[in-house]
Amino acid sequence: MTASPDYLVILFVTTAGTNGARLGSDERELLQLLWKVVDLRTKKLGHPHDVLVRPDHPELTAECQEVTKVDVESLAQAPSLEQALRQFNQSVSNELNIGVGTSFCFCTDGQLHIRQVLHPETSKKNILLPECFYSFFDLRKEFKKCCPGSPDISKLDVAAMTEYLNLDKNSSELAYGASRVEDMGNIILTLISEPYNHRFSDPERVNYKFESGPCSKMELVDDNAVIRARGLPWQSSDQDIAKFFKGLNIAKGGAALCLNAQGRRNGEALVRFVNEEHRDLALQRHKHHMGNRYIEVYKATGEDFLKIAGGTSNEVAQFLSKENQVIVRMRGLPFNVTTEEVLAFFGQHCPVTGGKEGVLFVTYPDSRPTGDAFVLFACEEYAQNALKKHKDLLGRRYIELFRSTAAEVQQVLNRYSSTPLIPLPTPPILPVLPQQFVPPTNVRDCIRLRGLPYAATIEDILDFLGEFSTDIRTHGVHMVLNHQGRPSGDAFIQMKSADRAFLAAQKCHKKTMKDRYIEVFQCSAEEMNFVLMGGTLNRNGLSPPPCKLPCKFCMGLANTVCCVRVGVGAAFLILILFLGKVSDGGGKIRPLHLKSAAACVHFSLWLWITMIEELLRNSSCFSSNRLAFPFLKQAGQGEPCQWKK
């Protein structure tokens, strides 16, 4: 809307909780709807209107009752929000006599009334707002345009604008909302009159819907426009995130769901907004609810967003170049599945966009299939029909279907494209660090964190350390993994000095991270290197990492056990086959007694062999799936293990 509207409708709302500068931050329901019409052509004000709204939960805070003077009894007869909005639309239409060529736009005191109250609440209650609620003028911004010498926007409110223009304040007899609406009308009339002659021509916009799209790793992302949301339901999609932040403008492709090490959603998302103002409004929705779950909202950086949503593959960029498509992820596909079979799986009721071009298979770097694929659908109806085929069979395998996002496509492709073809052993940490970062082994300039949540990330550790995170050396955070390659709950941090390591251990010891207290100890680089290479720290000092092969004694004993077991089994089979024909000398055959004796002998041998095998399993050479022994100097050499002793 570039032309100035014919009318402005001053809109003001109050809620059952906090009002004023924190309006909408406590997620309380809308309580009062007030408005007044301003005729910009004749420069006249209409009559004030005030409609109470009956909330689903009529409990009012003490602050609300004090400010609004609304009592609970009067709310019992008030209309619901949907009925109040219909009454509002009817009243505005009658007063303006809207016809062809007649236009109006809302004007509010700041962003909160439209963005933080009306849109979020109607979205939760599935109420469809008319188109007129998707554009409005922010009186504070318009005032700043007209009066550049006025206070900063963050300090502007109705009282400050009234004082700046030297206008008379309304009588205190008017209620809170009514007095604000009256003052706003006088401010607008002053701005559109001499000497200001201000023209309302460029309103604020609220996005109708979230637009998906790709993001390049080379793209510049403003650090002040990104947030991290935690606690999302695992089945939530980018559209659910957009609904949670309804009223705020998310950048195109700006909702990126995070995946864990297994490629599944971990309940976190990074969201990129169009500017810092919308990011700050999003932070006010900290611990607002999505269904029955409350969502935590924190600041994040552009680098965090690009790690999740950024991509460099031309194939992915081409796949995601089709805009306004709904993406569905397929998991559990047969490795030999073809594009034609995927298209036939969905059938005619949910046609894939572009046919074969709408299917993207996920592969390893050597082109081996992973069993995952992404499929494009042109509309929500086709996508919903496709998701109904969740766990239907394709060949002999059932297929899992999930709604997906462009960022998830990038993450999955990035994850598999970086997977090595041959698993490589983890090298020692210290030797690969820059030489100037390798400290003397007798300096205790490292700290050890013990008891970390298994889902803890490096970002969580940095938040946990707080002020000491600035003292961490480059690439100085090392997560300790167990024998299965999963987090063990331990981590080592290389600090810039022993003094800072000591202070960090003193101040952070037994602080909490995600409801768990973390133990923090000062240690040396030698101890850190030992654990990262497979050794252990205990009360008796260092236990060296195991070697790759068992000692000669245990290897020989294991081979002997295998040979004896094979021999005993063969002997028992022979006895079973031929003992039935053996005579006891008196002409009588006693197969039963002989077979019983043979069974007892075999059982004794089996028990003896099992005991030896158990000893071998518990020996240091074969324990924890490691063919190694901690006291050996080299594989298969050196001092024998404890069982030979």
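**Chat about a pocket and a buried glutamate**

Visitor: What's the split by class in the lining of the largest pocket?
Guide: In this predicted model, the lining of the largest pocket has 18 nonpolar, eleven polar and 16 charged residues.

Visitor: What volume does the largest pocket have?
Guide: About 2,100 Å³.

Visitor: Which helix gives the largest share of the lining?
Guide: That's helix H15, residues 458-465, which supplies five residues to the lining of the largest pocket.

Visitor: Switching topic: where does glutamate 142 lie?
Guide: Glutamate 142 lies in helix H5, which covers residues 139-146.

Visitor: Buried or exposed, and why?
Guide: Glutamate 142 counts as buried because its relative accessibility is 3%, and the cut-off for buried is under 20%.

Visitor: What is glutamate 142 in contact with?
Guide: If you leave aside neighbours within four places in sequence, glutamate 142 is in contact with Phe137, His198, Arg199, Phe200 and Asp202.

Visitor: OK, what about confidence? What's the mean pLDDT of the chain?
Guide: The mean is 80 for the protein chain, with 76% of its residues at 70 or more. Over residues 419-438, though, the pLDDT is below 50, and that stretch has 21 contacts in the model beyond near neighbours in sequence. Residues 544-549 also have a pLDDT below 50, with 24 contacts in the model counted beyond near neighbours in sequence.

Visitor: How should predicted coordinates be read where pLDDT is low?
Guide: Not in detail.

Conventions
Residues numbered from 1 in each chain as written. Predicted model: local features only at pLDDT ≥ 70, side-chain atom pairs only at ≥ 80, totals over all residues. Heavy atoms only, no water. 1 Å grid on protein atoms, 1.4 Å probe; cavity = no way out; pocket = protein on both sides within 12 Å on 5 of 7 lines; lining within 4 Å. Points joined across faces, edges and corners; volume = space filled by probe spheres on them. Helix = DSSP H or I, 4+ residues; strand = E, 2+ residues; numbered from the N terminus. Nonpolar A, V, L, I, M, F, W, Y, C, P; charged D, E, K, R; others polar. Buried < 20%, exposed > 50% of the residue type's maximum accessible area, 1.4 Å probe, protein only. Contact = heavy atoms within 4.5 Å. pLDDT = per-residue confidence, 0-100.
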